[in-house]
Every structure is written in C-alpha cells, then in structure tokens.
Amino acid sequence: METRVLKYFLTVTQTNNITKAEVELHVTQPTLSRQIMELEKELGVKLFMRRPRLMSLTAEGALFQQRAQVLLRLWEQAKEDVANQEKGLRGTVRVGCVESSVSPFLMKVIGNFLDQYPLVQLSMLDGDGDTLRENLDRGLLDMAALIEPVEAAKYNCMKLPVKEEWGIIMRADDPLAGRQFLTRRDVEQLPLILTRRSIVRDDLSQGLHLTKGKLNVRMTINLPGNANQLIRDGHYYALAIKGVYEGAHDQALAFVPLKPRHTTGHVMVWRKNSNLTQAATTFLQQVKTAATAQQ
C-alpha cells in the first residue's frame with residue numbers, strides 16, 4: 001500500500017464523490033476508482049457504500065479512515081525528521097502536558113529552549129494522562145509530563161521537581177471552606193467529581209484509606225477545568241490537585257487539603273525503544289538539567 005493511495009482514499013471520504021475527488025487530485029476517474037477497489041481488495045473489506053453520485057463510508061471504512069489519517073501524519077513527520085537531521089537542530093518537538101502545577105516549570109524550559117534554537121518549533125498537547133499516553137503510544141507525541149503514578153514498565157521516566165497536594169475544590173462560601181483539612185469521613189459524605197484515570201483513583205484510595213464503595217462519585221472527567229461550573233453551583237465537590245484550583249484563578253472557589261496529607265509527583269515520560277529526533281533529545285536534556293537544578 002502506498003501513501004498516495006491513502007491520500008486518494010481520504011480525499012474521497014472528504015468529498016463523498018469520485019468526480020469531485022478526481023478534480024481535486026488531478027487524476028482520471030477510472031484511475032481513482034481502480035485504486036479504491038484495489039485498496040478494498042487488499043484490505044478484504046468494503047470501504048464505501050456506493051450510490052449514484054454519492055459514496056459513504058461503511059463501518060470498516062470509518063475505522064480505516066481514522067487509521068489512515070494517523071499513518072499519513074506519522075509519514076509526514078518521519079520525512080520531516082529525516083530531512084532535518086542534516087540541517088542542524090530544527091524540526092518539531094511534540095510535548096504533552098497535564099493541567100497541573102508542572103506547567104510553569106515546563107513553560108520556562110520551553111521558553112529557554114525555543115530562544116536557544118530558533119529553527120525548532122514546539123507542538124504542545126494539553127490533556128489528562130490517558131489522552132496523553134494514547135498519543136504517546138500512537139507515536140503522535142515525543143514525550144509527556146504526567147502526574148504519578150504511571151505505567152513505568154512501558155515508558156522511560158524522568159522525575160520532575162514539582163509536587164502536588166490533593167484536596168477538595170468547592171465553593172468559597174461553602175461551610176467546609178473554612179476548615180484546615182478534610183478527613184476520609186468528610187470526603188465520603190460529599191457528591192464527588194473525580195479524575196477518570198483509574199490508576200490515579202486507585203492510588204488515592206490506597207493513600208487516603210478510602211473505601212471505593214463508600215464514595216459518592218457522581219461524575220468522572222478528563223480535564224478538571226470542565227467541572228468548575230458544577231462546583232460553582234454548589235452541588236458538587238472535586239477531589240483534585242491544588243494545581244487545578246490555582247490554575248482556575250477563580251475567587252468563587254476554595255481548596256481544602258486532606259488529612260492524612262497526600263501528595264503526588266510528576267514525571268516526564270517517553271516510549272521505551274523509541275528513537276527520538278535530535279531536537280527532541282536536546283529538549284529532553286534541557287528538561288533534565290532544569291529538573292536537576294531544582295532538586
């Protein structure tokens with residue numbers, strides 16, 4: 001299968017019409033039709049449902065469309081990386097970052113790196129740990145700053161000098177907002193919003209001696225900022241890190257830590273047995289230098 005054929009396929013999915021795709025691709029209709037049929041034969045499935053002047057994707061076609069888009073992005077990135085190897089430090093470094101207190105540390109490193117290497121671009125993806133790991137595993141990120149714990153067996157890990165404290169985010173005028181801390185029993189009585197990451201929930205439950213069956217979990221989320229409106233309404237409480245509260249810059253919210261105190265660290269991770277570009281390797285070294293200086 002050639003990348004040219006993938007481009008043909010994706011263009012047809014965008015136009016839903018062989019004739020329109022033919023014009024856009026500057027190929028003849030018989031050539032384009034033959035390439036699509038050969039692709040279907042190679043895959044052993046029908047990619048399109050064909051109607052007069054309309055082609056719509058089958059379920060198999062929709063799945064292959066997603067995979068084809070990823071394949072082409074990786075191919076274009078690979079060509080760029082190889083071409084840039086001989087031109088000095090340039091190219092694109094693709095970094096993921098969770099929404100937490102690690103962001104100021106990472107942004108400072110990024111700023112210094114971009115100032116030092118003006119021919120390098122940096123592509124940043126914000127998200128929760130699951131989203132960032134999925135992009136790492138698919139080769140769409142070079143590295144990601146994550147909250148611990150992470151699946152250490154899959155990744156190389158570098159400790160970052162940023163700790164987070166766990167607590168409850170609530171309305172600033174909530175009766176609990178004046179407390180110095182909240183206990184396990186307090187938490188078990190609250191309608192909670194939690195992170196969707198099961199590995200983090202398990203770590204919290206163990207560290208705080210929480211009984212999962214006793215928690216009143218009403219909602220799970222990937223990006224914590226999305227829950228702020230529900231918290232402002234006064235009906236829900238978020239079990240979250242302090243960095244989420246501080247990042248909101250919202251005077252209508254308050255943060256009360258937990259007792260026993262529970263903190264968690266951050267790590268920079270990248271796939272094992274992966275070949276990072278020269279630009280990505282250099283950036284990773286600068287992260288390590290900055291982390292070591294603050295430890």
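Visitor: What does R94 form a salt bridge with, and how far apart are the closest N and O atoms?
Guide: In this predicted model, R94 forms a salt bridge with D142, and the closest N and O atoms of the two are 2.7 Å apart.

Visitor: Which parts of the chain does that pair link?
Guide: The pair links distant parts of the chain, since R94 sits in strand β3 (residues 91-97), while D142 belongs to the loop between α6 (129-137) and β5 (143-147), and the two are 48 residues apart.

Visitor: And are R94 and D142 buried or exposed?
Guide: R94 is buried, and D142 is buried as well.

Visitor: How many salt bridges are there?
Guide: The count comes to 13 salt bridges. One of them joins the side chains of R196 and D128, with 2.5 Å from N to O. That pair also links distant parts of the chain, with R196 in the loop between β7 (191-195) and α8 (198-208) and D128 in the loop between β4 (120-126) and α6, 68 residues apart.

Visitor: Which residues are linked with R196 and D128 in a network?
Guide: D130 and R133 are linked with D128 and R196 in a network of salt bridges.

Visitor: OK, what about K154, where is its partner?
Guide: The side chain of K154 meets that of D137 in a salt bridge, at 2.9 Å from N to O. K154 lies in the loop between β5 and β6 and D137 lies in helix α6, so this pair ties together parts that are 17 residues apart in sequence. Both are partly exposed, K154 with a relative accessible area of 41% and D137 with one of 35%.

Visitor: Changing topic, which residues touch the most other members of the largest nonpolar core?
Guide: Those are I168 and F283, in a core that has 66 residues. Strand β6 (residues 155-171) supplies the largest share of this core, with eight residues.

Visitor: What is F283 in contact with, leaving aside its neighbours within four places in sequence?
Guide: With those neighbours left aside, F283 is in contact with V93, V95, L106, V109, I110, F113, L122 and M143.

Visitor: Which residues does the second core include?
Guide: The second core is separate and has 18 residues, among them Y8, F9, L32 and L72.

Definitions and conventions:
Residues are numbered from 1 along each chain as its sequence is written. This is a predicted model: local features need pLDDT of at least 70, side-chain atom pairs count only at pLDDT 80 or more; totals for chains, interfaces and linings use all residues. Side-chain values use heavy atoms; hydrogens and water are left out. A nonpolar core is a set of buried Ala, Val, Leu, Ile, Met, Phe, Trp, Tyr and Cys residues joined through side-chain atoms within 4.5 Å. Buried means under 20% relative accessible area, exposed over 50%, partly exposed in between (1.4 Å probe, protein chains only). Helices (H or I, at least four residues) and strands (E, at least two) are DSSP runs, numbered from the N terminus. Contact means heavy atoms within 4.5 Å. A salt bridge is a side-chain nitrogen of Lys or Arg within 4 Å of a carboxyl oxygen of Asp or Glu.
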